[in-house]
Amino acid sequence: MTERKSRGYWQVWENVRQELQVAIDKLGHFPSDRELCALGIFGVRYAINNCYGGLDRVRTMMGQEDKEMPKEKPRGYWNKWGNVQIELQ
């Protein structure tokens, strides 16, 4: 079981950045939400989604936006048939 972080730990950007960098180093690319779950680093995932505006924004904050890892689609993207058709082409 992982050690519980102190109150306010995830609101400090440097803590999130350091812990996310460990995942980046391990995977060799900026992790997707699914990869964060698979790695079991739910605190980082929580902070990214609830404190820092989501994966795309944090990817940009860390200077990773130009990397090959594709950006995640916004919530509800796959619920629109037009988007599915575009992706299939």
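This is a predicted model: local features need pLDDT of at least 70, side-chain atom pairs count only at pLDDT 80 or more; totals for chains, interfaces and linings use all residues.
User: Where among the helices is confidence lowest, and where is it highest?

Analyst: Confidence is lowest in helix H5 (residues 81-88), with a mean of 82, and highest in H1, with a mean of 92.

User: Why is alanine 47 called buried?

Analyst: Buried means under 20% relative accessible area. Alanine 47 has a relative accessible area of 0%, so it is buried. You will find alanine 47 in helix H3.

User: Which residues does alanine 47 touch, beyond those up to four places away in sequence?

Analyst: Alanine 47 touches Trp10, Val16 and Tyr52. For another distance to look at, the C-alpha atoms of alanine 47 and tryptophan 13 are separated by 9.0 Å, and these two residues are 34 apart along the chain.

User: How do you know that the buried residues of H3 line one face of the helix?

Analyst: Let's start with who they are: Val44, Ala47 and Ile48 are the buried residues of H3. Looking down the axis of H3, they fall within an arc of 100 degrees, so they line one face of the helix. These buried residues pack against H1, helix H2 (33-39) and H4.

User: Which members of the largest nonpolar core touch the most other members?

Analyst: Among its 14 residues, Leu20, Phe30, Ile48 and Val58 touch the most other members. Helix H1 (13-27), helix H3 (42-50) and helix H4 (55-61) are the elements that each give two or more residues to this core.

User: What is leucine 20 in contact with, leaving aside its neighbours within four places in sequence?

Analyst: Leucine 20 is in contact with Phe30, Pro31, Leu36, Val44, Ile48, Val58 and Met62. A contact here means heavy atoms within 4.5 Å.

User: What makes the pairing of arginine 17 and glutamate 14 a salt bridge?

Analyst: A salt bridge needs a side-chain nitrogen of Lys or Arg within 4 Å of a carboxyl oxygen of Asp or Glu. The closest N and O atoms of arginine 17 and glutamate 14 are 2.7 Å apart, so the pair meets that cut-off. Both residues lie in helix H1, three residues apart, which is about one turn of the helix. In general, an α-helix has 3.6 residues a turn, so residues three or four places apart point the same way.

User: Why are arginine 17 and glutamate 14 called partly exposed?

Analyst: Partly exposed covers what lies between buried, under 20%, and exposed, over 50%. Arginine 17 has a relative accessible area of 28%, so it belongs to that middle class. Glutamate 14, with a relative accessible area of 33%, belongs there too.

User: How many salt bridges does a search of the whole structure find?

Analyst: The search finds four salt bridges. One of them joins aspartate 33 and arginine 45, whose closest N and O atoms are 2.7 Å apart. This pair links distant parts of the chain, with aspartate 33 in helix H2 and arginine 45 in helix H3, twelve residues apart.

User: Is arginine 59 buried or exposed, and how do you know?

Analyst: Arginine 59 has a relative accessibility of 1%, and the cut-off for buried is under 20%, so arginine 59 counts as buried. Arginine 59 lies in helix H4. Its side chain meets that of aspartate 56 in a salt bridge of 2.7 Å, N to O. Aspartate 56 counts as partly exposed, at 31% relative accessibility.

Notes. Residues are numbered from 1 along each chain as its sequence is written. Side-chain values use heavy atoms; hydrogens and water are left out. A nonpolar core is a set of buried Ala, Val, Leu, Ile, Met, Phe, Trp, Tyr and Cys residues joined through side-chain atoms within 4.5 Å. Buried means under 20% relative accessible area, exposed over 50%, partly exposed in between (1.4 Å probe, protein chains only). Helices (H or I, at least four residues) and strands (E, at least two) are DSSP runs, numbered from the N terminus. The arc is that of the directions from the helix axis to the C-beta atoms. pLDDT is the predictor's confidence in each residue, from 0 to 100.
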